[in-house]
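Subject: Structure handover

Hello,

The structure is below, and my notes on it follow. Please read them next to the coordinates.

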Amino acid sequence: MERIVSLAKRRGFVYPGSEIYGGLAGTWDYGPLGVALKNNLKDLWWKMFVTDREDMYGVDAAILMNSKVWEASGHTQTFTDPLVECEKCKRRFRADHVDGTACPECKGTLGEARQFNMMFKTHVGATEDESSVSYLRPETAGGIFVNFKNVVDSFHPKLPFGIAQIGKAFRNEISPRDFVFRSREFEQMEIEYFVRPEAWEEHFTAWHRLMKEWIEAIGLPEGSVHELEVADGDRAHYSKRTIDFEFDFPFGRKELYGLAYRTDFDLKSHTEGSSVELSYFDEETKERLTPHVIEPSFGVERTMLAVLASAYAEDELGGEKRVFLRFKPRIAPVTAAVFPLLKNKPELVAKARSVYADLKEILPSVVFDDNGNIGKRYRRQDEIGTPFCITIDFDTLGEGGEDKKDTVTVRHRDSGEQERVALAELPSYLKSRVL
Ligand code: GAP
């Protein structure tokens, strides 16, 4: 874990939040490669679950919501974690994260557990009283449910259909820990899939399969993800069935994603809370009903961390130890790096610049690098998980004979193997391996 955290910082994936002021616990800033990796994951998710389907509708709701949303959803009353305080040093811990009654820091006595609400409270407008209270949303789901009627009225979707959202969520975690795993500000990718009540099991099974397909698409190794049927009493207040997908993180097996059957809890609660009818009229059966909901929920940071942990590898190549990230090409922050063999030969640089410009048109992210010797450039790209390095050399210019003219060296990250590819074929060669 330490190696991953240090690589993430050094190479510009993840920095501690507000670092120059000593940080702010539970917050993280994403550097250029972290943003690229997260964007690739979010784009792939959106493509797979929204744009590639005919039954999905995207929304981007406000983070600040009317506090009545969270009263109706039950979060004001029940979105709590048990908190204990040390009577001696006054430090606070999540009760289920400590063993026994002794303070993990000073061995003082821990007091009685009490419930601590994890929503971040703020005030909207210039008056700071109870009437202006608002919360930063603790889950993106809330923004989906309050837009159920809007989407139905604008698009008249047929059941079953889903509304998807990617966005920030905030939880005042008692003890943020394990790098980005438990943050106070994070992103979720969520779907509320509305179904006829009698069909919930069939759709639960279908989403279970789709979540597994996603896990495969991002390259988490088989055997590293486990399923946990969450027991009665351990589930969130809105759920009648939940499967947690757990991942073998370096710090232990922990929740990666959740799949929940939220019944008609939310649509009914918001109907009651808002006095706006959130039901659905089925044109085919001429029946009015409250759909039930299947909710696949994915955390962006946990996805990124699972992907980083699975991709991290060390080996020996050419007699030297190296660190590399085995990202699937589709999600790698840099897809290809283009190098002129030598920096001080204008013909090589010009040709490499032209290859770079052409590839930039067709691949998600291409970089140009002429700094240091080729071996060092390979190592730098390996360390950030770039799957392909393309070198323009004297053979490319035709100096090694006509047969090698306009060919380049493509070097593969995991094996270190190199092959000669004709420039004319390079775009399709790379596209077929990346997209
Ligand atoms: N709408 C359902 C919901 O929010 P959840 O299990 O509380 O369910 C869903 O959260 C996902 O959000 C988790 O599986 C995890 O991936 C992510 N997540 C939750 N809390 C998080 C935190 N403090 N830091 C990072 N990710 C978190």
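**Notes on the structure**

His75 is buried, at a relative accessible area of 1%. Here buried stands for under 20% relative accessible area, exposed for over 50%, and partly exposed for what is in between, with a 1.4 Å probe and protein chains only. The model is a predicted one, in which local features need pLDDT of at least 70 and side-chain atom pairs count only at pLDDT 80 or more, while totals for chains, interfaces and linings use all residues. Residues are numbered from 1 along each chain as its sequence is written, and side-chain values use heavy atoms, with hydrogens and water left out.

**Chain**

The protein chain has 435 residues, of which 50% are buried. Its secondary structure comes to twelve helices and 24 strands; these are DSSP runs numbered from the N terminus, with helices being H or I of at least four residues and strands E of at least two. The C-alpha trace spans about 80 × 65 × 50 Å along its principal axes. Of the contacts (heavy atoms within 4.5 Å) between residues at least 6 apart in sequence, 64% join residues at least 24 apart.

His75 belongs to helix 4. Leaving out residues up to four places away in sequence, His75 touches Trp70, Asn117, Met119, Pro138, Glu139 and His237.

Trp70 sits in helix 3 (residues 67-72) and is buried, at 0% relative accessibility. Beyond four places in sequence, the contacts of Trp70 include His75, Met119, Pro138 and Glu139, and also Tyr135 and Arg137.

Apart from residues up to four places away, Arg94 touches Asp81, Pro82, Glu173, Ile174, Ser175 and Arg182.

**Pockets**

The largest pocket holds about 1,300 Å³ of space. A pocket is an open set of points on a 1 Å grid over the protein atoms alone, where a 1.4 Å probe fits and protein lies on both sides within 12 Å along at least five of seven lines; lining residues have an atom within 4 Å of a point. Grid points are joined across faces, edges and corners, and the volume is the space filled by probe spheres set on the points.

The largest pocket is lined by 45 residues, and those closest to its centre are Phe79, Arg171, Ala236, Asp244 and Glu255. Elements that give two or more residues to this lining include helix 4 (75-78), strand 5 (80-85), strand 13 (241-249) and helix 9 (300-311). Strand 14 supplies the largest share, eight residues. The lining divides into 15 nonpolar, eleven polar and 19 charged residues, where Ala, Val, Leu, Ile, Met, Phe, Trp, Tyr, Cys and Pro count as nonpolar, Asp, Glu, Lys and Arg as charged, and the others, Gly among them, as polar.

The second largest pocket has a volume of about 350 Å³. Its lining has 18 residues, with Val152, Pro157, Tyr280, Phe281 and Asp282 nearest the centre. Helix 6 gives the largest share of this lining, four residues. By class there are seven nonpolar, two polar and nine charged residues.

**Helix 2 and helix 9**

The axes of helix 2 (residues 32-51) and helix 9 come within 10 Å and cross at roughly 110 degrees. Helix 2 is therefore roughly perpendicular to helix 9. Angles of 65 to 115 degrees count as roughly perpendicular, under 35 as roughly parallel, over 145 as roughly antiparallel and the rest as oblique. Axes are lines fitted to C-alpha atoms, for helices over the stretch in contact, and angles run from 0 to 180 degrees between N-to-C directions. Helix 2 contributes Leu37, Lys38, Leu41 and Lys42 to the contact, and helix 9 contributes Val300, Glu301, Thr303, Met304, Val307 and Leu308.

**Backbone points to check**

Most residues other than glycine have a negative phi, and most peptide bonds are trans. A cis peptide bond joins Leu159 and Pro160, with omega about -5 degrees. Pro160 is in the loop between helix 6 and strand 10 (161-170). Thr263 has a positive phi of about 50 degrees; this residue is in strand 14 and is buried, at 10% relative accessibility. Lys286 also has a positive phi, near 55 degrees, but is exposed, with a relative accessible area of 56%.

Regards
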